[in-house]
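This note sets out comments on the structure shown below. It is written as numbered points for a colleague to read beside the model.

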Amino acid sequence: MPLTLRVERGEVLTARQRTLRILGASAPGVAWLALFFAVPILLIVGVSFLSRGSYGTVEAPVTFESYRRLAGFGWLGFDALYPLILVRSLALGMGTALLCVLAGLPLAFFIASLSSRWKTTALTLVVIPFWTNLLIRTYAWQILLASDGWLARAAGAVGLIGPGEGLYPGIFAVYACMVCDYLPFLVLPLYASVEKLDWTIAEAAMDLGANRWNVFRHAILPQIRPGLVAGIILVFLPATGQFVIPDLLGGAKTALLGNAIQQQFGPNLDWPFGSSIAVVSLAVVMIGLWFMARQAGKKGEMELL
């Protein structure tokens, strides 16, 4: 078997030496992720297959009862409560990501078009929501959207709501706060892609007779797709598990994944069932992200061809 050699930074390394060097350099990061990420997830997976004791303890036997209950099959027959909670949470995450895309695309292009002096100011304004606590921002939206606020009075003046009514609680208040809180997660990676955009490709497409939509679709979108996909993922993941904003601004009328997990690990003391909810929600989200990455990869290959 021939010996494979590789030159890196003036050194001649065998495949084994290169592998050992990579493992040595990445060992601290791998150990950190294993200790604080992989091990807790494995513990949660293991607990999800155990049973709840009489006083909230976790004990044998190993069972699939928690997953059957999560699928809707309980003591009293089929109940679609938890499947609906999962669907509702995914819909909230996807809806928030879509609204952030609609708001973030023009904002990222606008910031990229500014002079160097004003870009820093604009990016600072984008990240200002991060300077305050999430809970404080949510309570601020309660004040802004209350019945005596100027936004509610303006909405009442044009007939969107009745006299004396507020924009909170309701679905509008939930999405307004969600977009405000998660928009920076999409704008920042998207702006990084827009900043490096090669406009000569767009100009060539226009010279060949493409309309604005085709220019954006075939000349601009492929270049900004990495930042766009990264931003969507950064918005979708935390928005799917969010429960503070819907709880405070939605009037606590609907349960989401975060509420369900907190309820099982807290008042109900049913750690196996709470773990099963966490495992299934993580699996569903990861499958969605894998599908999204796979589709993005296919589109990239088609464009290269």
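The points below go from the overall fold to aromatic pairs and then to a surface patch.

1. The model is predicted. The secondary structure of the protein consists of 12 helices and six strands. The chain has 305 residues, and 32% of them count as buried.

2. Contacts and surface. Counting contacts between residues at least 6 apart in sequence, 64% join residues at least 24 apart. The protein exposes about 19000 Å², of which carbon and sulfur atoms supply 70%.

3. Aromatic pairs. How many aromatic pairs does the count come to? The count comes to nine aromatic pairs. One of these involves F49 and F64: the ring centres are 5.4 Å apart and the planes stand at 85°, so the pair is edge-to-face. This pair links distant parts of the chain, 15 residues apart. F49 lies in the loop between α1 (15–48) and β3 (51–52), while F64 lies in the loop between β4 (58–59) and α2.

4. Exposure of the F49 and F64 rings. F49 has a relative accessibility of 25% and counts as partly exposed, because the range for that class runs between 20% and 50%. F64 has a relative accessible area of 55% and is exposed, since this value is over 50%.

5. The pair of Y82 and F273. Here the ring centres are 4.9 Å apart and the planes are at 85°, so this pair is edge-to-face.

6. Ring pairs join F49, F64 and Y67 into a cluster. R69 lies over the face of F273, at 3.8 Å from the ring centre.

7. E65. This residue is found in helix α2 (residues 65–70). With a relative accessible area of 32%, E65 is partly exposed. The C-alpha atoms of E65 and F49 are 7.8 Å apart in space, and the two residues are 16 apart in sequence.

8. A nonpolar surface patch. Which residues form the nonpolar patch on the surface? The patch consists of L125, I128, F130, W131, F185, L188 and L234, which together have about 660 Å² of accessible area. Two of these residues are taken up in the next point.

9. W131 lies in the loop between α4 (116–127) and α5 (134–144). Its relative accessibility is 60%, so W131 counts as exposed. L188 lies in helix α7 (residues 171–195) and is partly exposed, with a relative accessible area of 32%.

10. Contacts of L188. Leaving aside residues up to four places away in sequence, L188 touches L123 and V127. The C-alpha atoms of L188 and L123 are separated by 8.0 Å, although the two residues are 65 apart along the chain.

Note on methods:
Residues numbered from 1 in each chain as written. Predicted model: local features only at pLDDT ≥ 70, side-chain atom pairs only at ≥ 80, totals over all residues. Heavy atoms only, no water. Helix = DSSP H or I, 4+ residues; strand = E, 2+ residues; numbered from the N terminus. Buried < 20%, exposed > 50% of the residue type's maximum accessible area, 1.4 Å probe, protein only. Contact = heavy atoms within 4.5 Å. Areas by Shrake-Rupley, 256 points an atom, 1.4 Å probe, with all protein chains shown as cover. Phe/Tyr/Trp six-rings, centres within 6.5 Å; stacked < 30°, edge-to-face > 60°. Lys NZ or Arg CZ within 6 Å of the ring centre and 35° of its normal. Patch = residues over 30% accessible without salt bridge, like charges linked within 9 Å, V, L, I, M, F, W, Y side chains within 5 Å. Salt bridge = Lys/Arg side-chain N within 4 Å of Asp/Glu carboxyl O.
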